[in-house]
Amino acid sequence: KPLSMQLLSCLLVSALGVTQSMLINPHAYRNPLNRPQFRVSRQIRMFMKDSEFFDRKHEETYLQNAFSSLEPTFFVLLGQPSTGKTALVRHVLSEVGLEKKQFDPLFLNLRGTDISSRNLLYTYLLACAITAGPVWRMLGESLSRMLNVKLDVKQIGGLDVNAADSNKSDIPSQFSDLIQLIPFSDRRGILVVDEANRLKDLASEDYKTFIQFMGFIVRASKEERKVHVIFTSSDSFFFEWLQLAVPTAHMRLLVLDDLSQADAKEYFLKKIPDDKRSLFKSDCECFDTVFNMTGGRMEFIDQYVHEVIQDNAPLGSKFILVQSELSMLGFQLSDNPSKPYSGADVYNVMRDLVTSGCGYIDFHETVRKFGIEKVAKMIENGILFLRPSSRPLGRVAVPEGNVLMATGAPALRAMELILQDPKYNYLKEQCR
């Protein structure tokens, strides 16, 4: 890397308290779905279909106004897995925006997409562009003629595509050349890169192309003012990592949190089948129990409703997602030479979270207490989630500054059960 990039990396490590490996070693994130904090979402999908979009008026209005601005912006939308980041963006752009003929979105879904080289990234971008709206289709057709590319395109859900290999290898070396192919239009062009943390794979394999692509993003949005750009990710450190290539002033960080308790209850009531309402009588009268188990995360609520119907009885702590977190956290409580933290460290962090009274603890204070290496590894292993400081999109009150949270309400409930379990008393003694 250029010396300036190395110095910037060091400054970020010093100022932000992020480990060097987390910033410049994308291999640790090569398959984010294998990280523990994604297990809950994967487990839900074993039982449930994807959640239908739930009306989030505050968030929807904010994004509509932002995308309607004549001043294109580069947004980075972060949030825990299954908070509905993708569903929200797709709803605003694909349904609301298309209905009013206001937006022309191009969706790049990097989940399971290999973009680890310049050719692969170009081919995927081209394949998506030629099946999008008029602004992007013109870019795709122009690029196709320029490259003499023959594509075998298969439409997926009307939004995403897979493309065959290009039959031409001399792909243009500068992504900035593409900017001239994007026409100005009455309909605002918006580029959405979903699961954008997969760009770390590209940075690892072809750093030059990654820097060129990010230069294209900044120029197309901030300099040429042709399109809005929004990256979505569940990676706690993704925004800081991007600052290695893009100045902070060129990006706007947004964080999508879970639903408020009022909105979560409304969603919960909608999900109960009419012929099963008797099973949920107590839950409907006192939603606190359900909310404590699921938080405001829609997929967790889906799973709760499914299990109550399946068991034909209230769940309590038998909720499968709580049990899954108990298993995972129990494993993390055992000492392992390969981990920088001890079981007592994990127990101590759990106790801090549970006794906080608000479900979160200060990031920098925790780093001072345990050290950045231990905290960073706990985040990477799915014990904690780092919520960066950002204005809220919804109605949930959020803390100021960077805070650490459990990966969801089921994980926090599991932590409470662990602290009450006598078999972990030896760890309690070590923490004194």
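**Exercise 1. Where in the chain is the place of Q80, and is Q80 buried or exposed?**

*Solution.* Before we start, note that this is a predicted model, where local features need pLDDT of at least 70, side-chain atom pairs count only at pLDDT 80 or more, and totals for chains, interfaces and linings use all residues. Residues are numbered from 1 along each chain as its sequence is written, and side-chain values use heavy atoms, with hydrogens and water left out.

Step 1: find Q80 in the loop between β1 and α5. Helices (H or I, at least four residues) and strands (E, at least two) are DSSP runs, numbered from the N terminus.

Step 2: check the cover. Buried means under 20% relative accessible area, exposed over 50%, and partly exposed in between (1.4 Å probe, protein chains only). Q80 has a relative accessible area of 7%, so Q80 is buried.

Step 3: look at the neighbours. A contact means heavy atoms within 4.5 Å. Leaving out residues up to four places away in sequence, Q80 touches K85, S234, R297, F385, M405, A406, T407 and G408.

**Exercise 2. Describe strand β1 and find the strands that pair with β1.**

*Solution.* Step 1: go to residues 74–78, which form β1; five of its five residues are buried.

Step 1: sort the side chains by direction. F74, V76 and L78 point one way from β1, while F75 and L77 point the other way.

Step 2: look for partners. Two strands pair if DSSP finds at least two bridges between them. β1 pairs with β6 (residues 227–233) in the parallel sense, over five bridges. Here L78 stands opposite S233.

Step 3: In β7, R252 is the bridge partner of F75.

**Exercise 3. Work out what lines the second largest cavity.**

*Solution.* On a 1 Å grid over the protein atoms alone, a cavity is a set of points where a 1.4 Å probe fits but cannot get out, and lining residues have an atom within 4 Å of a point.

Step 1: list the lining: T86, V89, R90, F107, L108, V192, D194 and T232. The elements giving two or more residues are α5 (85–99), β2 (103–109) and β5 (188–194), and α5 gives the largest share, three residues.

**Exercise 4. Decide whether S204 and Q303 are buried or partly exposed.**

*Solution.* Step 1: S204 sits in helix α8 (residues 199–205). Its relative accessible area is 25%, so S204 is partly exposed. S204 and S117 are 87 residues apart along the chain, and their C-alpha atoms are separated by 9.7 Å.

Step 1: Q303 belongs to helix α14 (residues 298–311). Q303 counts as buried because its relative accessibility is 1%. Q303 and I320 are 17 residues apart in sequence, and 8.5 Å apart in space from C-alpha to C-alpha.

Terms used
1 Å grid on protein atoms, 1.4 Å probe; cavity = no way out; pocket = protein on both sides within 12 Å on 5 of 7 lines; lining within 4 Å.
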